[in-house]
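Visitor: Hi! I've just opened this one up and could use a hand finding my way around. Can we go through it together?

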Amino acid sequence: MVKFLTLLAFCCFQLAYPQQPLYKQAEIPIEKRIKDLLKRMTVEEKILQLNQYKLGANTNINNIGAASNEIPAGIGSLIYFGGDPEFRNQIQKKAVEESRLGIPILFGYDIIHGCRTLYPIPLAQACSWNLDLVKTNSSMSAKETVLSGVDWVFSPMIDVSRDPRWGRVAEGYGEDPYVNAVFGVATIQGYQGTSLSDPYSVAACLKHYVGYGMSEGGRDYRYSNISKQSLWETYLPSFEAGINAGAATVMSSFNDISGIPATSNYYTLTEILKKRWKHDGFVVSDWNAIEQLINQGVAQDKKEAGMKAFLAGVEMDMIDNIYLEHFKELLAEKKISIQSIDEAVTRILRVKFRLGLFENPYTTIIEKEKRYLQPESIKNAAKLAEESIVLLKNENNILPISPLLKKIALVGPMAKDKQNLMGSWSGYAKSADVETIFSGMEKEFSNKAQLNYAKGCDFDGDDESGFEEAIKVANQSDIIVVCLGERRVWSGENASRSTLSLPIIQEKLVEELKKTGKPIVLILSNGRPIELERLEKFSDAILEIWQPGVAGGTPVAGIVSGRINPSAKLAITFPLVTGQIPTYYNMRPSAREAKLGAYQDKPTEPLYWFGHGLSYTTYKYSEATLSSPRIKPSEKLTVQVKVTNTGDVSGKESVLWYISDPVSSISRPLKELKFFEKKEIPAGNEVVYTFEIDPNRDLAYYDEEGHKILEPGIFYVHVDDQKIKFELLK
Ligand code: NOJ
């Protein structure tokens, strides 16, 4: 009786003062909350957490498929095509209030180079060599993303890519492992802020893990033949840096890595990512990548594909429904264990808890006008565009356009184009918000010069009927600015090209314009290096503006007028002709001197190397000095160079520091970038740049097992055209 009364009293107390379950208490450490929640979950609820559905119409030009599915309240994640925070909240309400345990949904989306304020494509961003600016822009993009109802972005893409036929070179940071690593880290820092639970932080996703940039022939989704040596020294380092920077999640890639697809690759996903690097977030498959294990020849059906991906280390199934449909059966057959399901769910819940989703599952709704395109983010978008525009050629200093040239012909299909300046993966951006080159030029030259516009031709096709008008306006002008390039769908996912040259119609337009005898400034907007063998000869100046996003017009015009001094340098090599591919600066030495093994029909040298980029001023580099000619492995070596701005205008110079190791047990690339710094140097001033060489970081290299080797001997540090010798002692 006493016992019964005590129990009754306890129940009454509980009813009067209900205790929140442990996992709902914010002050409890996350790992305890996860354990508590896991204990309460049924197998079905656990399996649901491992799945990602899509929500809203798939309007992304690079994706396939459309209709939104029925959303189960207990689903782990959604790809949110909508960008409407109120709709997100409605769906989230379903999860929080209608599912038994109220686990919030994680909303993800492809925010790659901006949300509504679209920034230059990542390849362009890398050409800015400005990490702070990239970080700032990523944090602004995170804020717009959060306000759109998204918690998780599928970027940065840090696939080293050395084959510009591959359309996805646009989405990453170019050909160099170090550049991919540091820009990836800056982007993660911008997205994730100091804590994932900050109101405007989003979770980052490193992709595509790993070696996707090596797709054979530059064709998307193909096999990638990657030796373990290249895996460790070229493709893994950017991911390792991203994991060390705290990236919350990773996406497995589509490619087959030397026989084991990335999505079923235990070595890369578990041995390296989880065991060696200790990543404690989760891996999501790429779109349909689990089912595609069947196409890739390692699974006979969906069930086996699901099992293989899961056992390799993919915790979340992006849109395939395979985990949902087959895991109970696989559990019953003991092909997967409940322990491994618990481990996978733990990893997904950990990201949700870290994001603070249990405390704040809903997006704060603010006025539409205040959500996006704020003056500060437009300003930064323009700044990043400005710093990523590369002046490739400037014969006779034809740029900036002399104020004496009063009539400018503005010609070409890109001049008034909005859509294509956006590039692939444009988040929730709208082409209506894009500033065209034409409107930038109009503002810049109003009251200074007359603009004579003609489209000339389209991006492709063979309609030359616009040539006449273009030639007419060119004849009426003092200089021709011709704006050409790629349609946005020519780069990005599933957008490979067999040739890097622009369609013949565009080349022909310039050839005809050249006949007027007027100087030609070629403005190029594209998502990959372009083959310029013919166009280069017709052009006095070439400005590579990439795909600058919403705010490109003003910076382009500012560079053309000379108000802005260009400061970008290429993060990817421009081959002279497509047949030269692969062309990347950090290749290994040849067995014979350079003139042997050359092409017989074409030059062997690319047109513009990685690191190339001109300025309106000139810089003089002093002789670089070393703090010592030799060091021990435990010591640091300082190397300095003084750079003087010897021209008339202020400029920003990026100094690139490389290391080479001429004799080693495993041959090393001709040189490897190890550090860079960009600084402003007013005209007539000098600035000292310093690189501190840390032997374990800068002189050691990976072997094929991922062990770092540091070998004593002679090394060189390269800066500008100098090569300075030093010795690493035992
Ligand atoms: C496929 C792409 O490869 C990947 O980069 C993207 O994040 C997903 N689709 C989701 O849209």
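This is a predicted model: local features need pLDDT of at least 70, side-chain atom pairs count only at pLDDT 80 or more; totals for chains, interfaces and linings use all residues.

Visitor: Which residues are closest to the ligand, and how many surround it?

Guide: There are 13 residues around the ligand, and the closest are Asp110, Arg168, Lys207, His208 and Asp286. Residues are numbered from 1 along each chain as its sequence is written, and side-chain values use heavy atoms, leaving out hydrogens and water.

Visitor: How far is the side chain of arginine 168 from an oxygen atom of the ligand?

Guide: An N or O atom in the arginine 168 side chain is 2.6 Å from a ligand oxygen. For aspartate 110, a polar side-chain atom lies 2.3 Å from an oxygen atom of the ligand, and for histidine 208 that distance is 2.7 Å. Polar contacts here are pairs of N or O atoms within 3.5 Å.

Visitor: How much of the ligand's accessible area does the protein cover?

Guide: The protein covers 100% of the 290 Å² that the ligand has on its own, by the Shrake-Rupley method with a 1.4 Å probe.

Visitor: Back to histidine 208: where is it found?

Guide: Histidine 208 is in strand 5, residues 205–209; strands are DSSP runs of E with at least two residues, and helices are runs of H or I with at least four, numbered from the N terminus. A cis peptide bond joins lysine 207 to histidine 208, with omega about -5 degrees. The bond from tyrosine 209 to valine 210 is cis too, with omega near 5 degrees.

Visitor: New topic: what volume does the largest pocket have?

Guide: About 1,000 Å³. On a 1 Å grid over the protein atoms alone, a pocket is an open set of points where a 1.4 Å probe fits, with protein on both sides within 12 Å along at least five of seven lines, and lining residues have an atom within 4 Å of a point. The volume is the space filled by probe spheres set on the points, which are joined across faces, edges and corners.

Visitor: Which helix gives the largest share of the lining of that pocket?

Guide: Helix 8, with 6 residues. Helix 8 spans 228–235, and strand 23 (672–681) is among the other elements that supply at least two residues each.

Terms used
A residue is near a molecule or strand if one of its heavy atoms lies within 4 Å of it. A polar contact is a pair of N or O atoms within 3.5 Å; within protein, one must be able to donate a hydrogen and the other to accept it, and residues adjacent in sequence count only if both atoms are side-chain atoms.
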